[in-house]
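Hi,

Here is the structure for you to look over. My notes follow below it.

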Amino acid sequence: MLLLFIAPLAAMAQLSVSGTVTDASNNPLSGVSVKIRNSNAGTSTDAEGKFSINIPGNRAVLEFSYVGFTTQSVTIANSTSSLAIKLVAVNSNLDEIIVTGSRALPRSSATTPLPVDNLDVSVLKTTGQTTFDKALQYRVPSFNTVNTPVNDATTLLDPYEIRNLGPSRTLILINGKRKNLSSLLYVQFSPGRGETGADLSAIPTDAIKRVEILRDGASAQYGSDAIAGVMNVILKDRFQYGSLTLKGGVTGKGDGGTYGIAYNGGANISSRGFINYTVDFSQQNNAVRSGIIHRPTEKYIFGGDPSTDAAIDAYLTKYPNANNTNGTGEITAAKFNYNLGIPIGENGMFYSNAGLVAKKAISNANFRTPYWRTDAGLLHNRIPGAPNYTGGNDPLYEGYIGYRPSFEGDLLDYNATFGVKSEKNGWKHDVSFTMGGNQQLYTVENTVNRSLGTASPTAFKPGGFRFTNLIGNYDVSKSLTDNFSLAFGTEIRNETYKIISGDTASYSKEGANSFPGIRAENASTNSRFNFGAYVDASWDITKDFLLNGAFRTEKYSDFGNASVWKVSTRYKTPDNKFVIRGSASTGFRAPTLHQIYAQSTQASFVQGTIQLSGLFNNRSKQAFLLGVPRLKPEKSDNYTVGIGFNPNKNISLTVDYYNITIKDRIVYSSSISTDDPSTQLYQILQAAGVVQANFFINGIKTRTSGIDYVASYRNIPLGKAKLGINVAGNVTISNEILGSPNNPKAISDAGGDILSAQIRSLLTESRPKYKTVLGLDLNVEKWSFNITNTLFGTTKFQDLDNGDKYRNLSSLANDASLLLNPDPGNSANSRNVMNDIRQKFKTAVVTDLNIGYDITSKVSASVTINNIFNVLPKWNLESLNSNGQKILGNATAKDYLEGLLSFSGRYRILGYNGSQFSQLGTIFNASVTFKF
């Protein structure tokens with residue numbers, strides 16, 4: 001249908017321009033960006049440096065830009081149809097540091113020995129997504145992120161990962177410099193649990209020039225965190241035009257409205273300098289996706305006697321969704337970013353870039369119904385929902401309907417880099433200083449601390465977290481000969497992690513309902529220092545055969561030394577049509593300060609009730625008594641092999657296999673508990689005043705392998721227009737835990753395990769098994785069209801902890817006794833049903849359409865429909881053995897299990913902890929950009 005719609009436009013008059021782009025030595029440049037100024041239209045050069053583009057009308061300005069070269073503009077008129085463009089190399093390559101796995105010399109993606117995704121910002125904008133991280137979700141198959149079903153602090157930023165390895169194993173760079181981590185430690189049962197990462201959503205999309213993602217381990221070049229890969233965000237530099245963008249959107253249900261305004265401006269300083277800055281303001285309203293309550297499960301969780309069951313029926317008759325408003329939170333954000341370069345002499349450059357974001361997030365906790373929380377006497381005339389309550393034994397007496405606690409998070413994230421680059425006698429020097437930080441402070445309102453009685457406030461300050469770093473870098477590189485380059489450098493880094501305690505009422509005794517505060521005794525400030533040095537060499541053995549090697553060593557003040565290496569190679573045929581490449585490396589990831597020092601008593605959802613559980617930090621007395629050793633670095637072995645194929649200028653294909661083994665992988669343990677007073681574990685927990693304990697430990701060894709593939713077919717004739725087809729995908733071959741976990745003796749003696757079935761499932765199968773992005777791009781005169789189909793593979797999750805035992809199963813139904821005793825020969829209290837059953841999300845395709853139109857040379861508009869067909873994640877229960885088959889063969893038992901996994905249906909779309917893709921359905925977005 002789309003092609004039929006645009007076919008008449010294709011017949012309009014156009015000027016076809018083709019040509020070749022080379023460097024000063026007449027070597028063809030592959031991947032050069034060729035754009036029509038003040039237009040959405042553009043293309044790039046192929047492996048032979050050739051390009052072809054259609055220009056509307058008979059006159060336009062083409063802009064040629066490429067990493068390490070000065071951007072060149074050419075005016076095209078009727079008489080010009082073939083071009084020979086020579087780009088001039090920039091002596092001091094300031095901020096376009098291409099991430100190719102070697103720091104010796106930048107190389108184009110056509111000749112790199114490692115797989116690299118290069119994404120122009122225009123590609124990200126066609127997704128229609130409101131934040132940078134969500135745009136990557138629909139353009140990079142190995143990248144995954146999603147709004148978590150349960151929000152609170154994760155409303156401020158969602159966990160992300162590359163190749164199913166968690167956010168802390170992908171290094172984020174801005175203009176080649178390390179971005180600071182978030183202060184948030186993910187503790188919910190979602191992908192990324194027990195880890196932290198940089199706040200990608202803090203980077204305004206309008207400030208980005210392009211993004212490069214190295215899909216290979218790079219610890220030998222960049223140090224800790226680069227096990228899964230490296231993402232380098234390259235900011236806009238040379239000023240071309242100012243722009244003001246107005247944008248807005250809404251979901252198909254009419255909620256979740258988004259509004260924003262972004263301004264990008266700047267100026268050029270002499271022939272090489274520049275300043276480019278972006279200001280971005282945005283608002284996202286909450287979108288509610290609450291489900292209808294499944295009454296039998298609700299009665300099982302909260303009822304058990306006739307009067308309470310009757311009260312539940314009466315309440316749900318009036319409020320079928322139990323007044324829950326779960327979905328996505330409300331977010332207000334203000335972002336500022338600049339990128340600066342000031343020439344110093346002929347070869348030098350002072351450079352600087354910085355970003356600042358202030359963000360407020362508001363989300364709602366589960367609604368506390370009268371039969372769940374009997375806090376009415378504490379809420380008289382104090383919380384909306386209970387203004388008329390005057391007493392009585394009936395929890396529904398005189399209009400009391402319960403209350404909804406709210407969570408507010410205030411985030412401040414910043415980063416800044418200052419440096420000088422110079423060149424003398426062929427030696428390139430880069431000296432820089434980088435600082436960054438992330439602070440989150442929380443507020444909980446519309447709730448109470450029951451243990452304080454009528455003295456309880458209804459608003460609390462439960463505390464927060466702060467992370468800062470200071471980094472110094474010195475890098476040197478030189479081409480010693482025509483075929484040999486050398487680079488070396490050092491990095492000094494200081495990190496500080498602060499835990500900020502809440503007000504006394506927020507943590508006293510039971511603590512604030514829904515989000516207890518951080519206790520004063522758990523507050524702390526901890527720092528560490530590390531020094532690293534690396535050497536990197538690149539040798540072109542022949543014109544077609546490249547060999548690269550790197551070595552790095554680091555010393556940390558808290559755990560000692562780490563040394564890693566990497567070797568990569570590439571061979572290409574003389575015509576550049578076929579490339580074979582590979583690498584082998586070791587890597588490491590230092591435990592974050594969050595993982596070492598985080599300690600808290602917090603609220604957890606356990607079968608419909610909120611229980612207090614304790615996180616003991618790695619240096620605590622309790623961890624020592626449990627036999628938990630001090631954390632040490634993770635170590636990895638990475639192997640990659642791939643091919644590249646360019647049969648002609650319009651077709652390209654790359655396929656890369658990866659295999660990553662991580663030893664001493666740090667995990668956030670499952671909740672450890674026991675009812676046996678004779679065990680040492682019981683005595684430790686009792687002394688700590690908690691019913692459950694969690695901790696971090698170098699607990700497992702894992703192996704992750706898979707295949708990445710990228711294919712492109714450009715310039716397909718369609719009348720006078722040309723169509724481009726792009727396919728990119730990731731397939732996980734294996735994501736497994738090797739051997740047995742390292743259980744401390746006190747835990748194993750009590751029959752416990754640091755890895756429950758839930759944690760194992762979260763680590764190994766909670767992200768899509770495969771993901772493919774199929775895109776079609778068409779530019780016709782002033783119009784641009786993009787259709788993207790994203791295939792999300794199956795996702796699986798065992799969503800209840802091994803230690804969780806169903807209580808009062810006799811209250812369910814006679815048939816539901818199968819839940820704990822599918823085999824009459826087994827004890828009903830000795831079996832966990834989730835060993836027999838898991839939640840399985842079905843394969844789904846999400847289709848997005850983006851249409852752009854250049855109203856004038858200065859005004860353009862864009863409309864995006866995300867998820868046109870309103871596809872939602874769908875799951876069912878899958879049996880793992882014969883016991884599971886017996887359970888699922890009983891309709892009543894199956895209904896109860898589905899209810900338990902979705903908190904009685906409140907979270908029916910994803911389940912309480914599920915993850916595959918967005919639960920919001922169809923979203924409409926539009927923007928208008930004014931250029932000047």
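**Findings**

Just after α5, Gly304 has a positive phi of about 125°. Helices (H or I, at least four residues) and strands (E, at least two) are DSSP runs, numbered from the N terminus.

Before the rest, the ground rules. This is a predicted model, in which local features need pLDDT of at least 70 and side-chain atom pairs count only at pLDDT 80 or more, while totals for chains, interfaces and linings use all residues. Residues are numbered from 1 along each chain as its sequence is written, and side-chain values use heavy atoms, with hydrogens and water left out.

**Helix α5**

α5 covers residues 295-302. Its buried residues are Thr297, Glu298, Tyr300, Ile301 and Phe302. Buried means under 20% relative accessible area, exposed over 50%, partly exposed in between (1.4 Å probe, protein chains only). These buried residues pack against α6 (306-318) and α14. Contact here means heavy atoms within 4.5 Å.

**The sheet**

β39, β40 and β43 form an open sheet of 3 strands, in the order β39-β40-β43, with antiparallel pairing. The edge strands are β39 and β43 (875-879), each pairing on one side only. From one strand to the next, the twist averages 30°. Two strands pair if DSSP finds at least two bridges between them. β40 and β43 run antiparallel and are joined by 5 bridges. Arg838 has Glu878 of β43 as its bridge partner.

**Helices on the sheet**

α12 lies across β39 and β40, at about 165° to β39. α14 also packs on the sheet. It touches β40 and β43, and its direction makes about 120° with that of β43. Axes are lines fitted to C-alpha atoms, for helices over the stretch in contact; angles run from 0 to 180 degrees between N-to-C directions.

In α12 (residues 757-765), the buried residues are Ala757, Gln758, Ile759, Ser761, Leu762 and Glu765. They pack against β33 (651-668), β39 (795-797) and β40 (837-841).

**Thr922**

Thr922 sits in the loop between α14 (891-901) and β44 (923-931). Is Thr922 buried or exposed? Thr922 is buried, at a relative accessible area of 8%. A polar atom of its side chain lies 2.7 Å from the backbone oxygen of Asn867. Leaving out residues up to four places away in sequence, Thr922 touches Thr251, Gly252, Ile865, Asn866, Asn867, Ile868, Phe869 and Asn870.

Best wishes

Definitions and conventions:
A polar contact is a pair of N or O atoms within 3.5 Å; within protein, one must be able to donate a hydrogen and the other to accept it, and residues adjacent in sequence count only if both atoms are side-chain atoms.
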